[in-house]
Amino acid sequence: MSKSFGIKLIILWGISLIVIFAFSFYSVRKSVLKPAKERAYTVAEVVRSSLTTLMLTNAMDKRDIFLAQIMDMENLEEVRVLRGEAVIRQFGKGKHYEEPVYTIEREVLAYGRPKEELIESIERVLYRVVIPYKAEPTPSVNCMACHNVKRGEVLGAISITMDITPYRNFGLFVWGTLVGTISLVGFISLFIVWKNFKSLSSFLQEITNLFNQFERGNFGVRINLSNVERDFLPLANRINEVVSSLNGVLRSIREKVYTLLGYNLMETENEVRDTEKIIDELVRISQFKKTIELDATKEDVYRRIESVLSDYMSLDKFSIYEVTDSNTIEKVAVRGRDTWCANVIFEKPEECRAKRTGQDVDSEEFRCICPNFIMCEENAENFCYYCIPVNVGGKVGNVIQIVYEKQIKDFIKLIIPYIKGYLREASPVLESKRLMEQLRKQSYIDKLTGAFNRRFLEDIVDKLVAQAQRRNSNIGVLMVDVDFFKEVNDTFGHDAGDEVLRQVAKAIKESIRKSDYLIRYGGEEFLVLLTDVKDGYAEQVAEKIRKRIEETPIKLPNGTVIRKTVSIGVSEFPKDCNGKFWQCVKFADVALYKAKEEGRNRVVRFKPEMWQEEEY
């Protein structure tokens, strides 16, 4: 490793020098050409202006004297004044005519664009630039007054050739000095690095060992400071601090996720894989919860749980039982055979040990801990079972029974915490679905809008409050009122008003979750209860409802299409009212009237300063 690193270091050093030399050569060359080019353009401009002056003063007989004086300038090799085809056609070639000699001279006369070239050899360097003059009328000199040409046509060109060999030699001297200095510094630096290569190699080996442990998921290792030279100790200490911090973060993530899941997962020596595993599990459970929340019935939720057990957990023997409101046990799903429990539990639910005790039942501890397992005596040596009670609404609402062969007991013990995690998330959803099912069987529905009525609210409120308190969650309270509803009745009749209420209720239902509740509170006023929400979510849903109703055209019985808006007041239980649900309803109503005062068609969140009274 040390030899390989040394070779790479030398190669890198050599490449760096080459790049620096090339860049410095380019920079020096460019800096040499720039003043030469500027001087050539200056000379060309002087020649153009002077010749123009001689022409205007009828002193062109002094042209040769002027050009001879120009040629006395240092490093000026050649000055040629060329006539364009347009001038030759008008005045002829004249006695001072010079034939274009160089290719770039002919190109400039043909196309009217400046061109330059560099002629380099070992002995000397020549720089040539050819600049065209075009017929352009100006306030001081109007070329077109004397020349019978079109605007923009080339009248001629000036060809300047300069010897920039002294510049080249000076540039090479500067570049050589720079190269020598850089090379000297580079050799000294390489010597210092090479001299300390052994200590650097030892330090790199420690880092390599550290990363090898990282690859295995072990973040408990540190750099051995006794193997590190003094110059590298600060960096080694810093690396150890970062690794310790990272290890702490990973452990903190796992602990927080365990707290969130409510159970621990089996850990290995690979901390990264463990963290990845629990995050994956958290994502799966979160997706599971979101899915079942959108399911329409409890039967749909049961099918999801069945799918988790059979497809994800790969179980082929299990039962899902439901404890009904009439305190009976019913089979929801059974895999492996028709039933795994004696019929007595369906007749007398208390005969089910898991239902009676509310505790897990594990046959590994006692073979026939529950005598009603259908194979308690028969094949008891081969089959085991694990029953998990699921609390729904403060009591055992379901029992999940896992049946397995003894040879896979370690696998079953591994997946039991995962199963409990899914059941824990399913519990409140099942409670909501069962509650909804119960309510459908009663007269809790407003016939006009299909929303729940006030009777439903009064009967369900205690259960909703208890559920929120058990889960330490919030309930969003939205008071919705149709703006200018009386105008609809007055203008189009009560049938039209009824249709508006139906369409508004439909829009609200389509804007909330299946687990939320829409209640017709009275007249054109609706109450929406959003269960298990985070801070700020209620306002988002309220704005969604407001916008949807505003954008929904409503067709009245007479064929007229109108649009209506709503005003919405928002509060949150228990955040806004210290555990008093009806106070939150009042506060949402107060916020609603604030929305009315501010112009309607808006959402207003309740604030403490809106209510100053002691009683509500």
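With which side chain does the side chain of Asp483 make a polar contact? The partner is the side chain of Ser567, at 2.7 Å; a polar contact is a pair of N or O atoms within 3.5 Å, where within protein one must be able to donate a hydrogen and the other to accept it, and residues adjacent in sequence count only if both atoms are side-chain atoms. This is a predicted model, in which local features need pLDDT of at least 70 and side-chain atom pairs count only at pLDDT 80 or more, while totals for chains, interfaces and linings use all residues. Residues are numbered from 1 along each chain as its sequence is written, and side-chain values use heavy atoms, with hydrogens and water left out.

**The chain as a whole**

- The protein chain has 18 helices and 16 strands; helices (H or I, at least four residues) and strands (E, at least two) are DSSP runs, numbered from the N terminus.
- Of its 616 residues, 44% count as buried; buried means under 20% relative accessible area, exposed over 50%, and partly exposed in between, with a 1.4 Å probe and protein chains only.
- Among contacts between residues at least 6 apart in sequence, 61% join residues at least 24 apart; contact means heavy atoms within 4.5 Å.
- The protein chain exposes about 33800 Å², and carbon and sulfur atoms supply 53% of that area, by the Shrake-Rupley method with a 1.4 Å probe, where for residues only the protein chains shown count as cover.

**Asp483**

- Asp483 is found in the loop between strand S10 (474-482) and helix H15 (485-492).
- Asp483 counts as buried because its relative accessibility is 1%.
- Neighbours within four places in sequence aside, Asp483 is in contact with Lys564, Thr565, Val566, Ser567, Lys596, Arg600 and Asn601.

**Helix H4**

- In helix H4 (residues 103-111), the buried residues are Ile104, Glu105, Val108 and Leu109.
- Seen down the axis of H4, these buried residues fall within an arc of 135°, so they line one face of the helix; the arc is that of the directions from the helix axis to the C-beta atoms.
- The exposed residues Ala110 and Tyr111 are on the face of H4 turned away from its buried side.
- Cover for the buried residues of H4 includes strands S1 (76-83), S2 (115-120), S3 (125-134) and S4 (154-163).

**Cysteines**

- A disulfide is a covalent bond between the sulfur atoms of two cysteines.
- A search of the whole structure finds 1 disulfide, counted as a pair of cysteine sulfur atoms within 2.5 Å.
- That disulfide joins Cys577 to Cys584, with an S to S distance of 2.1 Å.
- The link of Cys577 and Cys584 is left-handed, with -85° about the S-S bond.
- Cys577 is buried, with a relative accessible area of 0%, and Cys584 is buried, also at 0%.
- The sulfur of Cys352 is too far for a bond, because the closest cysteine sulfur, in Cys370, is 6.1 Å away.

**Aromatic rings**

- The structure holds 14 aromatic pairs; rings of Phe, Tyr and Trp (its six-membered ring) pair if their centres lie within 6.5 Å, and planes under 30 degrees apart count as stacked, over 60 as edge-to-face and the rest as tilted.
- The rings of Phe456 and Tyr517 have their centres 5.5 Å apart and their planes at 40°, so this pair is tilted.
- Phe456 lies in helix H14 (residues 454-471) and Tyr517 in strand S11 (residues 517-522), so the pair ties together parts that are 61 residues apart in sequence.
- Both Phe456 and Tyr517 are buried.
- One aromatic cluster is formed by Trp340, Phe373, Phe383 and Tyr385.
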